[in-house]
Amino acid sequence: MLHSTRSMIAATVYAAIAMLSVHAFAADRPNIVFIFTDDHCQQALSAYDPSRVSTPNMDRIAREGMRFDRCYVTNAICGPSRAVIQTGKYSHLNGFATNRDRFNGDQQTFPKLLQAAGYQTAIVGKWHLVSTPQGYDYYDILQGQGPYYNPPMITAGEDGKPVTRRHTGYTTEIITEKTLSWLKEKRDPNKPFMVMYQHKAPHRDWRPAPKYLHWLDDVTVPEPETLWDNYDGRTQSAGRQSMTIKEHLTPRDLKLAGYGNMNDEQKKVWDAAYGPKNEAFEKAKPDMTEKEIIQWKYQRYVKDYLRCVKSVDDGIGEVLDYLDEAGLADNTVVMYSSDQGWYLGEHGWFDKRWMYEESLKTPLLARWPGTIAPGSTNNDIVSNLDFAETFLDIAGVPIPGDMQGRSLVPIFKGNTPNDWRQVFYYHYYENPGAHNVARHFGVTDGKHKLIHYYALEGKAINDWELFDLASDPNELQNVYGSSEHMSQQKRLADELERLRKQFAVPEDTDLGARQRNQRNKK
């Protein structure tokens, strides 16, 4: 009993000393600004690809820091990606595998750990995890997906309970204003901070800000070389999706109908911009070929998408400027990323979900003055699975052993660990679901990719694809079963089995029951 009491006293004293130590050097620890968008692809960020758009403020982060060329996501869809970032764990462990799920905020998350270590934490903008954010000193989040205009936003009221407040204006600009307001007025300047500055844009249905409604009107955006893909050479899954520009963009997507959440004044500005363009299209349409109509749809879609990106870039510039003006830039890590990549017409598609390159890859830019070499690039396989661990490492907080990613801090310093991952595991669950993308999992080493499709439209399937990314970067020819690629196929199959065991991935055999159960809970 005496030994137990002494142990308890020692533990209490140690904890007190540790807490005092935390506060003693907390002010010197780096701040973290994590900038996050929804559905932004590398091919619409000019630090990666300048052929469609100029994003000077995002490019500034790359120019003053590091651009990652192979940042892969674990599950290419909005909510699940965000849950991975909160927890540092794959979807099957954090409990948020599809957009029909609800995030369990009681579990361990990185913002809670930062809070315990003396950091101020804030999240502004898109949350999309249904439950009320935990681990944040301040939150001001969109309801669900949120509209592009006049968004209702949820924050803590005076009693600490969530309240919904309505706003007038363009959502991207409002999120930036709220982020700056917290940085300037609400945080304690004597403590380090971590703020998640998270945009809805450029998510569907791509409604631009008033100032960009005419931008790109006189430009023809280049078409991707796979716009006319007929899905030959792949398994049945590629041809059975419902996300083509040809057939699945709606009149609302194409701005031929609907206003979204606009007020009367905003509708007038909108009609002045789109009315004449729509009238010209409707007049010409009877004489247009099918190909010409698809090309018109592509131009309308991609221009509106890029217009939304442009507003995000403007806001990022305002935040970077504030960090400079406030003298915070030198001690603040700035990271930019998105929940996954996106299809800008590649394979004839919009949307995401697939393990194909355009949606598997997401942008990742990082700036840390004095630590990250300006203008550097990295080709290691990194992931959104690594973000939580990275934030903790930056703050000097121990990384829990049950997290499944690794800190990027050594890579920031130019010292990639010798045992860094060489093969990456991916898993998509949402079928039946929007766009009818089959459930699938797979592995890639950046040179070859093995994908297993196991469920489609509520039925079990057993389809495999293998791609040689060096000779077939557009992933048009499935070489699974080819004698020429048998050694690579076997190697990746072994890696797939190894990683599924390493990450404790259970068999997924319910073929739709999970989604039905989630709906029944609501």
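**Ground rules.** I worked from a predicted model, in which local features need pLDDT of at least 70 and side-chain atom pairs count only at pLDDT 80 or more, while totals for chains, interfaces and linings use all residues. Residues are numbered from 1 along each chain as its sequence is written, and side-chain values use heavy atoms, with hydrogens and water left out.

**Entry 1, the sheet.** I took helices (H or I, at least four residues) and strands (E, at least two) as DSSP runs numbered from the N terminus, and I called two strands paired if DSSP finds at least two bridges between them. I looked up an open sheet of 4 strands, which has the order β13-β14-β15-β16 and antiparallel pairing. β13 (424-428) and β16 (459-468) stand at its edges with a single partner strand each, so one side of each is left without a neighbour in the sheet. Neighbouring strands of this sheet are turned by 10° against each other on average, direction ignored; the axes behind this angle are lines fitted to C-alpha atoms, for helices over the stretch in contact, and angles run from 0 to 180 degrees between N-to-C directions. Inside the sheet, I noted that 6 bridges join β14 (residues 439-444) to β15 (residues 448-456), and that these two strands run antiparallel. For His 440, I found the bridge partner in β15 to be Tyr 453.

Rings of Phe, Tyr and Trp (its six-membered ring) pair if their centres lie within 6.5 Å, with planes under 30 degrees apart counted as stacked, over 60 as edge-to-face and the rest as tilted. I recorded 34 aromatic pairs in the structure. One of them, Tyr 148 with Tyr 170, is stacked, at 6.2 Å centre to centre and 20° between the planes. This pair links distant parts of the chain, 22 residues apart, with Tyr 148 in the loop between β5 (138-142) and β6 (152-156) and Tyr 170 in the loop between β7 (162-166) and α6 (171-186). Both Tyr 148 and Tyr 170 are buried. I also noted a cluster in which ring pairs link Tyr 231, Tyr 343, Trp 349, Trp 354, Tyr 356, Tyr 453 and Phe 467.

On a 1 Å grid over the protein atoms alone, a cavity is a set of points where a 1.4 Å probe fits but cannot get out, and a pocket is an open set with protein on both sides within 12 Å along at least five of seven lines; lining residues have an atom within 4 Å of a point. Grid points are joined across faces, edges and corners, and a volume is the space filled by probe spheres set on the points. The largest pocket has a volume of about 420 Å³, and of the 15 residues that line it, the closest to its centre are Glu 357, Glu 358, Lys 361, Pro 473 and Asn 474. The second largest pocket has a volume of about 210 Å³.

I then searched the whole structure and found 2 cavities of 30 Å³ or more. The largest cavity, of about 50 Å³, has α3 (78-87) as the element that gives the most to its lining, with 3 residues.

How values were computed: Buried means under 20% relative accessible area, exposed over 50%, partly exposed in between (1.4 Å probe, protein chains only).
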